[in-house]
Amino acid sequence: MKKFHQPQDYTAIHEKAWFLPYERMKTILVTTASIVNVAAETYFYAPNLPVSADELAHLSSLINEELSYHSYITDVRLMQLIAEKCAGIALNTDGYTTYGLRNCLGYILRDQFAFNGPIIKNGIMWNICWTRC
């Protein structure tokens, strides 16, 4: 998966990983955190997302700013922020679904934010609440 720089469906992945039984391949895809689901039966190695470290830092800052005013943001708002204030990310991820881009960013930014479905929260606060509430 590390060699793929575009999302791949089961068929394409199995062509490269022909030596794995089909069901075993599917299990590996579902259980490997860095390989995220981006569409029906389609996966992507999240660290290969075409976004620079500077762009990620800028996006993290924007998310933190939003979270300073709201307890959470949605993936729809995340996509708006990207479209409005992160031209490089928007350009380089054009064609990614909201679901797919959110899942990639959820993995990449997992140490900073909690991506729980379409809801994004501050990772530290979410973890404190989750263990104490």
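Colleague: Which residues are buried in helix 4 (residues 75–85)?

Modeller: Keep in mind that this is a predicted model. In helix 4, the buried residues are Asp75, Leu78, Met79, Leu81 and Ile82. Looking down the axis of helix 4, you'd see those buried residues within an arc of 155 degrees, so they line one face of the helix.

Colleague: And which exposed residues does the face turned away from the buried side of helix 4 carry?

Modeller: Ala83 and Glu84 are the exposed residues there.

Colleague: Let's take helix 6, then. At what angle do helix 4 and helix 6 pack?

Modeller: The angle is about 85 degrees, and the two axes are 10 Å apart. That makes helix 4 roughly perpendicular to helix 6, because angles of 65 to 115 degrees count that way.

Colleague: Which residues of helix 4 and helix 6 meet?

Modeller: From helix 4 come Asp75, Leu78, Met79 and Ile82, and they meet Thr98, Leu101, Arg102 and Leu105 of helix 6. Sort the residues of this contact by type and you get 5 nonpolar, 1 polar and 2 charged.

Colleague: How many of the residues of helix 6 are buried?

Modeller: The count is 8 of the 11, so helix 6 is largely enclosed by the rest of the structure. Its buried residues are Gly100, Leu101, Arg102, Asn103, Cys104, Leu105, Gly106 and Tyr107. They pack against strand 2, strand 3, helix 3, helix 4 and strand 5.

Colleague: You listed Cys104 there. How many disulfides does a search of the whole structure find?

Modeller: First the general idea: a disulfide is a covalent bond between the sulfur atoms of two cysteines. Here the search finds 0 disulfides. For Cys86, the nearest cysteine sulfur is that of Cys104, 15 Å away. A disulfide needs the two sulfur atoms within 2.5 Å, so that distance rules this pair out.

Colleague: Are those two cysteines buried or exposed?

Modeller: Cys86 is buried, with a relative accessible area of 5%. Cys104 is buried as well, at 0%.

Colleague: Where is the place of Glu41?

Modeller: Look in the loop between strand 2 (35–39) and strand 3 (42–45).

Terms used:
Residues numbered from 1 in each chain as written. Predicted model: local features only at pLDDT ≥ 70, side-chain atom pairs only at ≥ 80, totals over all residues. Heavy atoms only, no water. Buried < 20%, exposed > 50% of the residue type's maximum accessible area, 1.4 Å probe, protein only. Helix = DSSP H or I, 4+ residues; strand = E, 2+ residues; numbered from the N terminus. Arc of directions from axis to C-beta. Axes fitted to C-alpha atoms, helices over the stretch in contact; angles between N-to-C directions. Parallel < 35°, antiparallel > 145°, perpendicular 65-115°, else oblique. Contact = heavy atoms within 4.5 Å. Nonpolar A, V, L, I, M, F, W, Y, C, P; charged D, E, K, R; others polar.
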